[in-house]
Amino acid sequence: MPKRWLGFLVALQFLTRLPVPPGLPVAGPALGPALAWFPAVGLVLGGLLAGADALLSLALPRPVVDVGLLVLLALLTGGLHLDGFMDTCDGLFSLRSPAERLAIFRDSRVGSFGVAGLASLLLV
């Protein structure tokens, strides 16, 4: 594999659940050069969703297609953006001290503000 594609593959592995060659580094120094490829990965995800939209729209009503696209995006990304949003809601709406908010951000469990925030986000 040419070295110039390594950053793209690392970004793809970090941001999605799409298959990539095994054994790629995903932390530390390898992630820095991959940042430049994040928009390209977004373009790939957008293309996949646009294609799915075009296909599903041929046979299904619009509300069903919309729900399907949300589910597909969550599956393609492993819910990375959804998890971050829930953590943000839990921390910011907890009305705790900054130190306690950081502890909430580090906690892997989801609180009630996270669940309410995610439900609101998906409904909007």
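D90 sits in helix α5, which covers residues 80-92; helices here are DSSP runs of H or I with at least four residues, numbered from the N terminus. This is a predicted model, so local features need pLDDT of at least 70 and side-chain atom pairs count only at pLDDT 80 or more, while totals for chains, interfaces and linings use all residues. Residues are numbered from 1 along each chain as its sequence is written, and side-chain values use heavy atoms, with hydrogens and water left out.

A salt bridge needs a side-chain nitrogen of Lys or Arg within 4 Å of a carboxyl oxygen of Asp or Glu.

Leaving aside residues up to four places away in sequence, D90 touches I104, R109, V110, G111, S112, F113 and G114. Contact here means heavy atoms within 4.5 Å.

## How α5 meets α6

Two packed helices are described by the angle between their axes and the distance between the axes. For α5 and helix α6 (residues 98-106), the angle is about 155° and the axes are 9 Å apart. That makes α5 roughly antiparallel to α6. The axes are lines fitted to C-alpha atoms, for helices over the stretch in contact, and angles run from 0 to 180 degrees between N-to-C directions. Under 35 degrees counts as roughly parallel, over 145 as roughly antiparallel, 65 to 115 as roughly perpendicular, and the rest as oblique.

D90 turns up again in this contact: α5 brings D87, T88, D90, G91 and L92, and α6 brings R101, I104 and F105.

## Helix α1 under cover

Helix α1 (residues 6-15) is mostly covered, with 7 of its 10 residues buried. Those are G7, F8, L9, V10, A11, L12 and L15. The buried residues of α1 pack against α2 (31-34), α3 (38-57), α4 (62-77) and α5.

## Salt bridges

The count of salt bridges comes to 3. D53, R62 and D66 are linked in a network. In it, D53 pairs with R62, with the closest N and O atoms 2.6 Å apart, and R62 also meets D66 at 3.0 Å, N to O. R62 and D66 both lie in helix α4, 4 residues apart, or about one turn of the helix.

How accessible are these side chains? D53 has 22% relative accessibility, so D53 counts as partly exposed. R62 is partly exposed too, with a relative accessible area of 40%, and D66 is partly exposed at 37%.

The remaining pair is D107 with R109, where the closest N and O atoms are 2.9 Å apart. D107 is partly exposed at 26% relative accessible area, whereas R109 is exposed at 62%.

## P39, out in the open

P39 belongs to helix α3. Its relative accessible area is 59%, so P39 counts as exposed. P39 and R106 are 67 residues apart in sequence and 27 Å apart in space, C-alpha to C-alpha.

Technical notes: Helices (H or I, at least four residues) and strands (E, at least two) are DSSP runs, numbered from the N terminus. Buried means under 20% relative accessible area, exposed over 50%, partly exposed in between (1.4 Å probe, protein chains only).
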